[in-house]
Amino acid sequence: QDEAKSLSPGQRQVASYISKRYRVSHDAIEQLVRLAWKVGKAEGVEPTLILAISGIESSYNPYAASSVGAKGLMQVMAHIHKDKFEALSPEGWSALNPELNMRVGAKIIKEYIRRGGSTEEGLRWYVGAAIHRNDGGYPAKVLGLKSKIDSAYRKGKLLASTTTDKPNDKLSAAPSQNTNG
């Protein structure tokens, strides 16, 4: 499949880590990783933050629903953020559509980070604890998972760079000899 080839080594390592940790199909997680990078780029949000929120909120289940009405990967409160869904898909939308859910969730966290002044404070807003200050450790949980996802990404990049290095690559990095004096 063409799309599968589009994952970078770091993204493949992230997919592998998430798939193993959450016991979710590797193919399904690859699609979510690809989507997180696409949405992150479009919305200006770190893809690993999007993935971490999705992990904590729904364990990467695009059909997750809470008793208070939050839905999808990022557990978006569809009735509160209806305007954002409609702006992205005026002819019809579902909070359970993975891409729409991720895009709306990314828009929300980006706004909350801006409003709160930090990622941690933005996460408090996201979980609805900005006023009460009782966040149940939510920011730490999300940031802890994000750190592990970031590490998996770096590991994938590192593994790829060490397996693709060619002996001649080191020569091209050597400074050129200037013979003009």
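This is a predicted model: local features need pLDDT of at least 70, side-chain atom pairs count only at pLDDT 80 or more; totals for chains, interfaces and linings use all residues.
**Notebook: salt bridges and helix packing**

I started with K146 and found that K146 is buried, with a relative accessible area of 10%.

Residues are numbered from 1 along each chain as its sequence is written, and side-chain values use heavy atoms, with hydrogens and water left out.

**Entry 1: who does K146 pair with?**

Which side chain meets K146 in a salt bridge? I looked it up, and the partner of K146 is E46, at 3.0 Å from N to O. (A salt bridge here is a side-chain nitrogen of Lys or Arg within 4 Å of a carboxyl oxygen of Asp or Glu.) The pair links distant parts of the chain, 100 residues apart: K146 sits in helix 8 (residues 138–164), while E46 is in the loop between helix 3 and helix 4 (47–58). Helices (H or I, at least four residues) and strands (E, at least two) are DSSP runs, numbered from the N terminus. I also checked the cover over E46: its relative accessibility is 43%, so E46 counts as partly exposed.

**Entry 2: R103 and E43**

I went on to R103, which forms a salt bridge with E43, and I noted 3.1 Å between their closest N and O atoms. R103 belongs to helix 6 (residues 98–116) and E43 to helix 3, so this pair ties together parts that are 60 residues apart in sequence. Are these two residues buried or partly exposed? E43 is buried, at a relative accessible area of 8%, and R103 is partly exposed, at 24% relative accessibility.

**Entry 3: E111 and R114**

Next I looked inside helix 6 itself. E111 and R114 are both in helix 6, three residues apart, which is about one turn of the helix. An α-helix has 3.6 residues a turn, so residues three or four places apart point the same way. E111 and R114 form a salt bridge, with their closest N and O atoms 2.7 Å apart. On accessibility, E111 is partly exposed at 27%, and R114 is exposed at 58%. I also noted that E120, E121, R124 and D135 are joined into one network by salt bridges that share partners. How many salt bridges did I end up with? The count comes to eleven.

**Entry 4: helix 2 against helix 3**

I moved on to packing. Helix 2 (residues 9–22) packs on helix 3 (residues 26–43) at an angle of about 130°, and the axes are 9 Å apart. Axes are lines fitted to C-alpha atoms, for helices over the stretch in contact, and angles run from 0 to 180 degrees between N-to-C directions. Helix 2 and helix 3 are therefore oblique to each other; angles under 35 degrees count as roughly parallel, over 145 as roughly antiparallel, 65 to 115 as roughly perpendicular and the rest as oblique. I listed who meets whom (contact: heavy atoms within 4.5 Å). From helix 2, residues including Q11, V14 and I18 meet a set in helix 3 that includes I29, V33 and W37.

**Entry 5: helix 6 against helix 7**

The axes of helix 6 and helix 7 (residues 119–126) come within 7 Å and cross at roughly 120°. That makes helix 6 oblique to helix 7. Residues making this contact include G105, I108 and Y112 of helix 6, with L123, W125 and Y126 among those of helix 7. Which residues of helix 7 are buried? I found E121, G122, L123, R124 and Y126. After helix 7 comes G128, and I wrote down its positive phi, near 85°.

**Entry 6: S161, then the whole chain**

S161 lies in helix 8, and S161 is partly exposed, with a relative accessible area of 32%. I checked S161 against P9: these are 152 residues apart along the chain, yet their C-alpha atoms are separated by 9.1 Å.

Then I stepped back. The protein has nine helices and two strands, and along the sequence they follow α-α-α-α-β-β-α-α-α-α-α. Of its 181 residues, 40% are buried. I finished with the contacts that have a separation of 6 or more: 53% of these are between residues 24 or more positions apart.

Methods: Buried means under 20% relative accessible area, exposed over 50%, partly exposed in between (1.4 Å probe, protein chains only).
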